[in-house]
Amino acid sequence: MSSVNSGYEGGGRTRALFSGLGAIGRVLSMVAITILGLLAVTFFISRVVPIDPVLAVVGDRAPPHVYERVREEMGLHLPVWQQFAIYVTNVLSGDLGTSVLTSRPVAQDIARYFPATLELATLGTLIGTVLGVPLGVLAAVRRGHFIDHLVRVVGLVGYSAPIFWLGLLGLLVFYANLGWVGGPGRLDISYEYMLTPVTGMVLVDAALTGDWAVFRNAISHIVLPASLLGYFSLAYISRMTRSFMLNELSQEYIITARVKGVSEQRIIWGHALRNALVPLITVIALSYAHLLEGSVLTETVFAWPGLGRYITNSLQNADMSAVLGGTLVIGVVFVAINILSDLLYRLFDPRTR
Amino acid sequence: MKIVKALLAAGAILALTLLPTRAVTPDDTLVMASQIDDVITLDPAEVFEFSAAEMVGNSYERLIGYDLDDVSDIFGVVAESWEVSEDGKTLTFTVRQGKTFASGNELTAEDVVFSLQRALKLDLSPAFILTQFGFTADNVEEKIVQTGDYEFTFEMDQAYAPTFVLYCLTSTVASVVDKDLVLEHEVDGDLGHEWLKRNHAGSGPFAIRQWRPNEAVVMERNEHYEPEVPLARVIYQHVPESSTQRLMLEQGDIDIARDLGPEELQALEQLDGIKIQSGVKGGLYYLGLNQKNEYLSKPEVRQALKYLVDYDAIADTIMEGLAEVHQSFLPTGLLGSVEDTPFSLDVERAKELLAEAGLAEGFSITMDTRNTSDITGMGEAIQQTFAQAGIDLQLIPGDGAQTLTKYRAREHDIYIGRWGPDYQDPHTNADTFAANPDNSDDAAAKPLAWRNAWDIPELTKKTQSAILETNTEERARVYEGLQREVMDRGPFVIMFQEIEVMAMQDNVNNFIIGPSFDSNEFGEASKD
Amino acid sequence: MTGTFERTQTLREWLTDNEPSSRTQARFGRAYLSWRSLSRNPLAMLGLIVVVGLILVAIFADQLATQSPFIGGDLRTERLQPPSAEHWLGTDSQARDIYSRLVHGSRLTLMIVVLVTVIAMPVGLLIGTVAGYAGGWLDSVLMRITDIFLAFPRLILALAFVAALGPGIENAIIAIAITAWPPYARIARAETLTIRNSDFIAAVRLQGASTPRIIARHIMPLCLPSVIVRVTLDMAGIILTAAGLGFLGLGAQPPMPEWGAMIASGRQYIIDYWWVATMPGIAIFVVSLGFNLLGDGLRDVLDPKAAR
């Protein structure tokens, strides 16, 4: 929720990252430093958290010698810096460690939970873009009119409502009372075992295997959380579209086109929007990145087995490898999307060329 | 808000056009919504978690079982019969013939001996239940010995009360595993531990087919089990929110909801097609009063606090149907349990006691409180009644692992917690509420008495001698005495005994809620 | 705001004087013009009313509340009562009056917003301006740190800090502040970069002003408006993050009437006793909307570039 509401400066950030240099090596080293820092902060936090990580393994009733043995197996008797060094070395050799809570390799856990988040975030961004861009364009064209105010209010409402609360009310109305949508989780339990995971994204897997019953069921489950996330990304995207469009519409080439007698529809959708799309890509990418970070609250309310909940749950049990692995993935994705959107920006925007 | 709703409605209408009709769970499949994120392993030698213990309980068999309605009635399950030697130190078990594992392998004494030795050699958390009898990883091969295809001996270091031994053998750590299957998956001499964490090698009514952490556990009928198991499949679906569980039950997406609150249960009770089933569990809700705290170390204060909980009101409202008032450390059903409830809310009495302690003005104190709705609800109610006697109780919320870490380090003032017996013998609770062999900060054992820094050498001796008392009636009297002493001066405000409640579809039959968390049985459950 | 001025003819003349005779007059004049354009925006005024209303409710909470927000009534008879003449918004699971709790909760909300701002804004401003003005390795180091914090999912980072510091309202505030400053640093740095090479800074430098002085006296004030706009727009986010922490059980300690925690404790009753979770949700929504409307209006006025 909060991640959707704020912190959208990433575009400017990576642009600064590129400024005055083009050397890929340097960019990469900066990325490496950022991610290493991310890991160090996470590691530090998970070490000062006053939760005993051994408890998650042995439970409350374990006899003392078992407790001590497990503690040593987990390497917790070593100095903190040494533990961190071991962790980083392992990560570099591709080993994210084993989660205490799931007793599976963290990489395997992430491969399972990340697609769930990816699916939700992608659909959310799709909804936000498909609805948000036209709304933003309309608001810009009819500036100061009713529709403009409406778009503004729609956007601000999106920024203002607690998503966990809307989620609860949504479930209450559309699932419990009306029965229009599927409940929490990704699929009805009876469909759950009909599907062999390929990508881990239920919708994609169902489509690939041509299993339309599962597909429809998956849609009915995802539509509510995705609409909620989509609404929050819509709030942001429509806002930015409006602003970019106003900028374009005041440019001289628009006036020239008008003088030449080009139809207004073509000017708006053809010329202005096409040019506004360039910065919009960055905006959409950032909004996507924030949804990908895993909306802990949405995932909690909808029992969605995503990455955000995985990290939170691991954190609450001091399951260090899992927390670090999850944070690492999110950090990499975040930075990668930033760089990607920045590259796109530089590719398409004549001014930065 | 209108716009939000309009948008949501638009999305929902979109979905409506795609929607199939509501799915109902298949007739041969039982689907439960439950909080199963506590499952971290499925190896019976390691399992200690509520959900996992229930799964192991339904997929493995143990040597001994007990009547779920009358815990004092013990009978053999894998064991057909047993004999106690003259000196009382050795038990000779005869294993029942004709039992078959889910793998198709036959169950023999070799499997039983292997399972017990394995649990002791792996020496994981629950192994202490067996080490109580003098076994160690090193001596177990000489002490638990196979003497025939269906016979083995079990040699202890002392003549323990036979019931004590037998109750310990009803616990999940004494489950019989399929030796051949487990050893097929042995890696680096781990006795198949890594493999068994995520797999199954038992002879119970069900076989665990799949465990997807924080998502689901799928169990399937053990085709070799006698008598035939009615259900083909049982699925635990992880649903953390109780309101969600309720919605899913109402919508027919699940058959049983496991973690509902009193209000939800009340509402469901009114509905056609849904029934409520409950059973008294061994879990106790209690307050732990740290004796390192200057106020709490005064006996009058400890006593006063026992008069400052509105036991009845909490049991009738916040915990309605989920708990009953219980004030001794042995839950109802265990040998020697004391059923009196001498304490009730009595603010005047408490004030007098506080005045005697020189604290008529009251004092300020903290309580570490798990942020689950039941514990927080109780905490807030207690906060209000404490305030009536001038005690300012500040609740410090935290996650389970966090509050527990603090409790185990004796850094709390008051801890509100829940304690469940590890097995059905009174020693399990006496050993933690009424024994503290070493009260120093770096003590090895951390029983509840230690955690609250209650130094009780005399009581500890009494507790430790009780397991050698072979006369059952005499033994019960000892435990009664221990309970009364803890009631009178102990640093525990024991408040409630837990009741487990499930709401289920009307067509679910024969699901049995047993007295412990590993004795909820669905081997005979069916749907019609 | 400057709305406290007595609006006499002469005052307005003084404020709108085209040739201000003093720096103060010019400053007030600018503020007055901003206020006038703000007051022409009905949505922003609505936001202002909500925010002022919140402040008033917080100040007069003791007078406005009808019952104790902490001590409930009889558990057996007064629990989970629907809205009525006695309990305007009903009672919660501890038989406490929801209306009184909401009124007192406004203090917590306001406290969270103010304290987070007071901690995060100066930090962000300082780091951003120093990085932007100094450039070089210092810039790189500071911006890497900022990047690291930005790459974290905000709620998870806050959660982690609360877990490390221990739950409670003060720690929640610190945790939110830790996650809130990076965007301000970004903005301040960007502004600084555009100002750094301007003529007037060069002039000040030639006069021999020290670097700290230049940053503190000349650069920071110029960065302030855009940071303030950003902070105002963020206030709703702060409220929502705090509510999210409360919802996850890591915010305020019970029985504090923190709105997010109230939703959390009401969510298990949402189907049969809808008011318990719905009322605090509405309160959060209205207040964040108020801050958003006000921030939006302020941006139009103070930051015309972004307002377009």
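**Note on the predicted three-chain model**

1. Chain B comprises 19 helices and 19 strands, where helices (H or I, at least four residues) and strands (E, at least two) are DSSP runs numbered from the N terminus. The model is a predicted one, in which local features need pLDDT of at least 70, side-chain atom pairs count only at pLDDT 80 or more, and totals for chains, interfaces and linings use all residues. Residues are numbered from 1 along each chain as its sequence is written, while chains are lettered from A and ligands numbered from 1 in the order in which they are written.

2. Overall form of chain B. A compact globule of 528 residues would have a radius of gyration near 24 Å, and the 25 Å of chain B agrees with this; the radius is taken over C-alpha atoms, and the globule rule is 2.2 Å times the number of residues to the power 0.38. Along the principal axes, the C-alpha atoms of chain B fill a box of roughly 75 × 70 × 40 Å. Of the 528 residues in chain B, 57% are buried. A residue is buried if 20 or more other C-beta atoms lie within 10 Å of its own, exposed if 12 or fewer, and partly exposed in between, with C-beta atoms placed from the backbone. Among the contacts in chain B with a separation of 6 or more, 70% are between residues 24 or more positions apart; a contact requires C-beta atoms, placed from the backbone, to lie within 7 Å.

3. Domains of chain B. The assignment gives domain 1 (6-40 + 209-273 + 506-527), domain 2 (64-182) and domain 3 (280-499), the bounds coming from an automatic or database domain assignment. The C-alpha centres of domain 1 of chain B and domain 3 of chain B are 34 Å apart. Their contact involves six residues from domain 1 of chain B and 12 residues from domain 3 of chain B. The domain 1 side of this contact has four nonpolar, two polar and no charged residues. In this classification, Ala, Val, Leu, Ile, Met, Phe, Trp, Tyr, Cys and Pro count as nonpolar, Asp, Glu, Lys and Arg as charged, and the others, Gly among them, as polar.

4. Chain A. This chain has 17 helices and zero strands. Its C-alpha atoms fill a box of roughly 85 × 55 × 40 Å along the principal axes, and 58% of its 353 residues count as buried. Of the contacts in chain A between residues at least 6 apart in sequence, 73% join residues at least 24 apart. The domain assignment of chain A gives domain 1 (2-92) and domain 2 (106-352), whose C-alpha centres lie 27 Å apart.

5. Confidence in chain A. The mean pLDDT (the predictor's confidence in each residue, from 0 to 100) of chain A is 82, and 91% of its residues reach 70 or more. Within chain A, confidence is lowest in helix 1 (residues 2-5), at a mean of 34, and highest in helix 7 (residues 106-141), at 92. The pLDDT is below 50 over residues 1-18 of chain A, a stretch that has 57 contacts in the model beyond near neighbours in sequence. Where pLDDT is low, the predicted coordinates should not be read in detail.

6. Contact of chains A and B. This contact takes 50 residues from chain B and 49 residues from chain A. On the side of chain B, helix 1 (2-18), strand 10 (233-238), helix 9 (242-250) and helix 15 (400-408) each give two or more residues. Helix 1 of chain B provides the largest share, nine residues. By class, the side of chain B has 27 nonpolar, 10 polar and 13 charged residues.

7. Contact of chains A and C. Here 47 residues of chain A are in contact with 42 residues of chain C. Helix 3 (residues 24-48) of chain A gives the most to the chain A side, with eight residues. That side has 27 nonpolar, 17 polar and three charged residues.

8. Nonpolar core. The largest such core has 378 residues, and those with the most contacts inside it are B:L130, B:V217, C:L159, C:I176, C:Y184 and C:I239. Helix 12 (residues 212-249) of chain A gives the most to this core, with 20 residues. A nonpolar core is a set of buried Ala, Val, Leu, Ile, Met, Phe, Trp, Tyr and Cys residues joined through C-beta atoms within 7 Å. Beyond residues up to four places away in sequence, B:V217 touches B:I36, B:V39, B:M55, B:I208, B:Q210, B:W211 and B:Y236.

Note on methods: Contact = placed C-beta atoms within 7 Å.
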